[in-house]
Amino acid sequence: MIALFAALQEEIRPIRRRLGLRPEHGKAPICSWRGTFLSREIVLAQTGIGRGGAERTVQQVLATHPIEGVISVGFCGALVEELQVADVLVCSAV
């Protein structure tokens with residue numbers, strides 16, 4: 001299962017619609033949706049803004065789902081001026 005995390009509804013809504021994800025019930029207190037894309041199970045979770053909410057949400061998703069990979073998505077202030085809309089950053093190490 002792949003976990004996708006985003007802070008805001010505005011970031012989540014297009015992903016949820018495009019992938020046809022369904023609300024996931026019984027995983028309170030997080031807002032999450034679940035489905036399948038390209039034969040892979042997906043869980044999409046809203047973290048809210050800030051480090052604390054993100055940490056709590058990621059920890060809960062990791063504790064309640066068999067996660068194989070994590071993707072953080074969303075829009076934010078550019079990290080560097082050279083970044084453009086739709087640029088993708090790939091982390092090789094954390």
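**Close-up views of a predicted protein chain**

Figure 1. The model shown here and in the following views is a predicted one. Helix H2 covers residues 51-64, which gives it 14 residues. From the first C-alpha to the last, H2 reaches 20 Å, close to the 20 Å expected at 1.5 Å a residue.

**Figure 2. The buried face of helix H2.** The buried residues of H2 are four in name: Gly53, Thr57, Gln60 and Val61. Seen down the helix axis, these buried residues fall within an arc of 95°, so they line one face of H2. What lies over this face?

Figure 3. Threonine 57 belongs to helix H2. Is threonine 57 buried or exposed? Its relative accessibility is 5%, and because buried means under 20%, threonine 57 counts as buried. Leaving aside residues up to four places away in sequence, threonine 57 touches Phe5, Ile30, Ala45, Gln46 and Thr47.

**Figure 4. The loop between strands E3 and E4.** Leucine 38 lies in the loop between strand E3 (31-37) and strand E4, and serine 39 has its place in the loop between E3 and E4 as well. Most residues other than glycine have a negative phi. Leucine 38, although it is not a glycine, has a positive phi of about 50°. Serine 39 is not a glycine either, and its phi is positive at about 65°. How accessible is leucine 38? With a relative accessibility of 70%, leucine 38 counts as exposed. Serine 39 also counts as exposed, at 72% relative accessibility.

**Figure 5. Salt bridges made by arginine 34.** A search of the whole structure finds 4 salt bridges. In one of them, the side chains of glutamate 24 and arginine 34 meet, with an N to O distance of 3.4 Å. This pair links distant parts of the chain: glutamate 24 is in the loop between strand E2 (22-23) and E3, whereas arginine 34 is in strand E3, 10 residues apart. Glutamate 24 is buried, with a relative accessible area of 12%. Arginine 34 is partly exposed, with a relative accessible area of 26%. Which other residue forms a salt bridge with arginine 34? The partner is glutamate 41, and the closest N and O atoms of this pair are 2.9 Å apart. Glutamate 41 counts as partly exposed, at 40% relative accessibility.

**Figure 6. The salt bridge between arginine 40 and glutamate 68.** In the salt bridge formed by arginine 40 and glutamate 68, the closest N and O atoms are 2.8 Å apart. Arginine 40 lies in strand E4 and glutamate 68 in the loop between H2 and strand E5 (69-72), so the pair ties together parts that are 28 residues apart in sequence. Arginine 40 is partly exposed, with a relative accessible area of 35%. Glutamate 68 counts as exposed, at 60% relative accessibility. Elsewhere, salt bridges that share partners join Glu24, Arg34 and Glu41 into one network.

**Figure 7. The setting of the close-up views in the whole chain.** The secondary structure of the protein chain comes to 2 helices and 5 strands. In what order do these elements run? From the N terminus on, the order is β-α-β-β-β-α-β. The protein chain has 94 residues, of which 31% count as buried. Among contacts between residues at least 6 apart in sequence, 59% join residues at least 24 apart. The accessible surface of the protein chain comes to about 6700 Å², and 57% of this surface belongs to carbon and sulfur atoms.

Conventions: Residues are numbered from 1 along each chain as its sequence is written. This is a predicted model: local features need pLDDT of at least 70, side-chain atom pairs count only at pLDDT 80 or more; totals for chains, interfaces and linings use all residues. Side-chain values use heavy atoms; hydrogens and water are left out. The expected span of a helix is 1.5 Å times one less than its number of residues. Buried means under 20% relative accessible area, exposed over 50%, partly exposed in between (1.4 Å probe, protein chains only). The arc is that of the directions from the helix axis to the C-beta atoms. Contact means heavy atoms within 4.5 Å. Accessible areas come from the Shrake-Rupley method with a 1.4 Å probe; for residues, only the protein chains shown count as cover.
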